[in-house]
Amino acid sequence: MLLRKKNTSLAWFNLLAIVATVSLLALQALWLYNAYKLTYNQLIIDIDNAFEHACRNEQVYRMPLGNLFNDGNLTIQSCGKEKIMIIRDCEPSDTLVYDNVYGLSMEVFMNKAFYELRERTLPMNIHCLSDLFAGALHEKGIRLSFVIERFNPTTNEVLESSLPGDEFFSSLETHVTMMNVSETDGVRARLQFSRSEVFRQMGGLLIGSLFLLLLIFLCLILRQQLLRRQAAKYRLAKLAPYPVVEGIHHHKIYTIGKYSFNVDKNELAGFGQCINLNKKEQAILEALCIGHGNVVERVKLLEDNWGSTGFIYSRSLDTYITTLRKYLKDDPTVQIITIKGLGYKLSIG
């Protein structure tokens, strides 16, 4: 009954270990998925911020408005606080009228007008923007390929490209970030990066994940070792002698299938009969019981019982093994198996 309870406890422990391992693996997979999504979203935010920063810096490098015109070719006329006119006498000659519909101060209003005039006069330098954008990405530690394009926001027509004819791979992740300069002019960056870039950005998170996998693997190894030890104890317990109780004479008894082997009395009982064993039979059967499930070397049996491994004693050992098999033949679950070239093994069940 005690052995059966131990076996049941071992089965429950095994089931609990499997459930815990599967749960840990599922939690880690969910955690990695969420970590990947968060890292991917943060990567997109960093790319957009880098592009916006590059666009602002490009304006600093762009040619100032005053260098575009000869003296006297640009005339500014104020029509009160609500309106100004900027007249360009050079080719093409035109007049730009700006309305102060928001009621800005004259200084702010003039700066706004000059900014819009510059955007109309000199488009954004996409090659300069490409260099600035690459520098901003490098500062953030982001590795990817991109193309800078000027385009018409209304028709989506590409006006200019930093890498004409460049084609993207469908197997890679793509992202487009853009900024409209005016109603007819905009600039955008088309980017591509592999999933490995996202994992590289995860950095320490992947190290933590690998550490957790290693921990799970070590737990599985420990579980396997514990199961082996428990199984070995269970097998030995089936053959172990009864415990010694102080003050009571006790015999060393092994249970061999449906047989009972009393070592002290040299008796093998079972199936309604009791066989008295001689000293050699008792010694050989006890050695097989102690090594139950394992091979008992033939040389050891010969040296322990005859002190020699000679041919005559070897034939005697074969005779005793044959006799023991006849004693145990009524229980088909009990076998003394010959391991060729090594020895014998007692198998039960």
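Me: In which helix do Glu52 and Arg56 lie, and how many residues apart are they?

Reply: This is a predicted model. Glu52 and Arg56 both belong to helix H1, which covers residues 2–61. They are 4 residues apart, about one turn of the helix.

Me: What do the side chains of Glu52 and Arg56 form?

Reply: The general idea is a distance test: a side-chain nitrogen of Lys or Arg within 4 Å of a carboxyl oxygen of Asp or Glu counts as a salt bridge. Here the side chains of Glu52 and Arg56 meet in a salt bridge, at 3.3 Å from N to O.

Me: How many salt bridges does the structure hold?

Reply: The structure holds 9 salt bridges. One of them joins Arg150 to Glu160, whose closest N and O atoms are 3.4 Å apart. Arg150 lies in strand S4 (residues 145–151) and Glu160 in strand S5 (residues 158–161), so this pair ties together parts that are 10 residues apart in sequence.

Me: Is Arg150 buried or exposed?

Reply: Read the relative accessible area against two cut-offs: under 20% is buried, over 50% is exposed, and in between is partly exposed. Arg150 counts as buried because its relative accessibility is 13%.

Me: How do Glu52 and Arg56 count, by relative accessible area?

Reply: Glu52 has a relative accessibility of 39%, so it counts as partly exposed. Arg56 is partly exposed too, with a relative accessible area of 46%.

Me: Which residue meets Lys329 in a salt bridge?

Reply: That residue is Asp330; the N to O distance is 3.7 Å. Lys329 counts as exposed, because its relative accessibility is 58%. Asp330, at 35%, counts as partly exposed.

Me: Now for strands. How many bridges join strand S13 to strand S14, and do the two run parallel or antiparallel?

Reply: To read strand pairing, look for bridges between the strands; at least two are needed for a pair. Strand S13 (residues 334–339) and strand S14 (residues 343–348) run antiparallel and are joined by 6 bridges.

Me: Which residue in S14 is the bridge partner of Ile336?

Reply: The bridge partner of Ile336 is Leu346.

Me: What do S13 and S14 form, and how many residues are between them?

Reply: They form a hairpin, with 3 residues between the two strands. In the turn, Gly341 has a positive phi of about 85 degrees.

How values were computed
Residues numbered from 1 in each chain as written. Predicted model: local features only at pLDDT ≥ 70, side-chain atom pairs only at ≥ 80, totals over all residues. Heavy atoms only, no water. Buried < 20%, exposed > 50% of the residue type's maximum accessible area, 1.4 Å probe, protein only.
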